Amino acid sequence: MNKQQCVSLTEIIHISSSAMATRKAFFVILIALLISILVAVPTRAQSIGVCYGMLGNNLPQPTAVVNLYRSNGIGRMRLYDPNQTALRALRNSNIQLIMDVPRTELQSLASNPSAAANWVQANVVAFWPSVSFRYIAVGNELIPGDAAAQYVLPAMRNVQTALSSAGLQNQIKVSTAVDTGVLGQSFPPSNGAFSAAAQAYLAPILQFLRGNNAPLLVNVYPYFSYADNPSQISLAYALFTAGGVVVQDGQFGYQNLFDAQVDAVYAALEKAGAGSVVVVVSESGWPSAGGFAASVNNARTYNQNLIRHVGRGTPRRAGRAIEAYLFAMFNENQKSPGVEQNFGLFYPNGQPVYPISFSQGAIDEVDGLADVRSVY
């Protein structure tokens, strides 16, 4: 090989190396640009779900409902009974599901392990894994006063055994849903404690939840607390729009009632020796009509701010995203007249009751009583 050939080869290598460096730099810039776009684009509120109630005679078919969830980026659902049409519609949707055991079935599942096994086979195993079950809620708001409260824990145990037999105990958690009425004390939040009546049922249930690494499902409604006591609770505090700390509780400052209610439950859990149990907010919402302070503006303000707030956690659990489910997908005309018929985010025809974004990073402007930018 002569000198001329060596020079030419060296130049070729240099040119090739330069081209490779240029391409590498281009790809580095491209990747950085894509990352910046992904960061800038609002992400879906993965910790937010919506409850799918069916107490209406004019509601869309479940297939259309599932499509409405997906088109709005709603990744989680609560279903109040194992409706087979809805479960079929959920197949391969990637929507994560809380499914309730209805009150009418509790006694059977509590007293008969075979009945629980059959229930799990027919309503869970038959659809798994194409339906992404997340929790089984054994009863809703039965503790402490409902006569069926006695069946909750035995039914939970039998359902858990059935899930274990199917090899699903690590994928699907068993719990029950309570409301904040289980608290005998709730103010300030650090004083949160279960009432004696509720504690009688909850003490062994909390042991069950701890042993199975399952959450406690809690329905949290600042609306009802505000509506029942507007002279003591400000609307801004209930709607996440207070401009500063409203309640100072030791080291924790509260700017919204939702956080105060959730943290009162956490304080009660700690006093009951179950501080490791996580609270999942299985219902929360605000009515758009039918009663005191029930308006489209207030409903939109509350629900939009809740969506944007859940990623922050509460003062007592700062930085730990709250898994929460808005109530409800539709206005349901067969519920009790008044506010109960007006919690829906959508009308039965699929049109929104008010504009709302399910992306936690979305920036909305709300007209009327509240400022959606004040979310903490």
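Which residues do ring pairs link into a cluster?

**Ground rules.** This is a predicted model, with residues numbered from 1 along each chain as its sequence is written. Local features need pLDDT of at least 70, side-chain atom pairs count only at pLDDT 80 or more, totals for chains, interfaces and linings use all residues, and side-chain values use heavy atoms, with hydrogens and water left out.

**Exercise 1. Find the aromatic cluster and examine the pair of Phe 240 and Tyr 302.**

Solution. 
- Apply the cut-off: rings of Phe, Tyr and Trp (its six-membered ring) pair if their centres lie within 6.5 Å. Planes under 30 degrees apart count as stacked, over 60 as edge-to-face, the rest as tilted.
- Search the whole structure: 14 aromatic pairs turn up.
- Take Phe 240 and Tyr 302: their centres are 5.4 Å apart and their planes 45° apart, a tilted pair.
- Locate both: Phe 240 is in the loop between helix 9 (235–238) and strand 9 (247–249), and Tyr 302 is in helix 11 (residues 296–309). The pair links distant parts of the chain, 62 residues apart. Helices (H or I, at least four residues) and strands (E, at least two) are DSSP runs, numbered from the N terminus.
- Check burial: both Phe 240 and Tyr 302 are buried. Buried means under 20% relative accessible area, exposed over 50%, partly exposed in between (1.4 Å probe, protein chains only).
- Name the cluster: Tyr 80, Tyr 221, Tyr 223, Phe 224, Tyr 226, Phe 240, Phe 258, Trp 286, Phe 292, Tyr 302, Phe 327 and Phe 343.

**Exercise 2. Determine how the buried residues of helix 5 are arranged.**

Solution. 
- List the buried residues of helix 5 (residues 113–125): Ala 115, Ala 116, Trp 119, Val 120, Asn 123 and Val 124.
- Look down the axis: these buried residues fall within an arc of 135°, so they line one face of helix 5. The arc is that of the directions from the helix axis to the C-beta atoms.
- Inspect the cover: it includes helix 3 (84–90), strand 3 (96–101), helix 4 (106–111), strand 4 (132–140) and helix 6 (152–165).

**Exercise 3. Describe the setting of Ser 234.**

Solution. 
- Classify Ser 234: its relative accessibility is 35%, so it counts as partly exposed.
- Trace its side chain: a polar atom there lies 3.1 Å from the backbone nitrogen of Tyr 237.
- Look across the chain: the C-alpha atoms of Ser 234 and Asn 256 are separated by 9.7 Å. These two are 22 residues apart along the chain.

How values were computed
Contact = heavy atoms within 4.5 Å. Polar contact = N/O pair within 3.5 Å; in protein donor to acceptor, adjacent residues only side chain to side chain.
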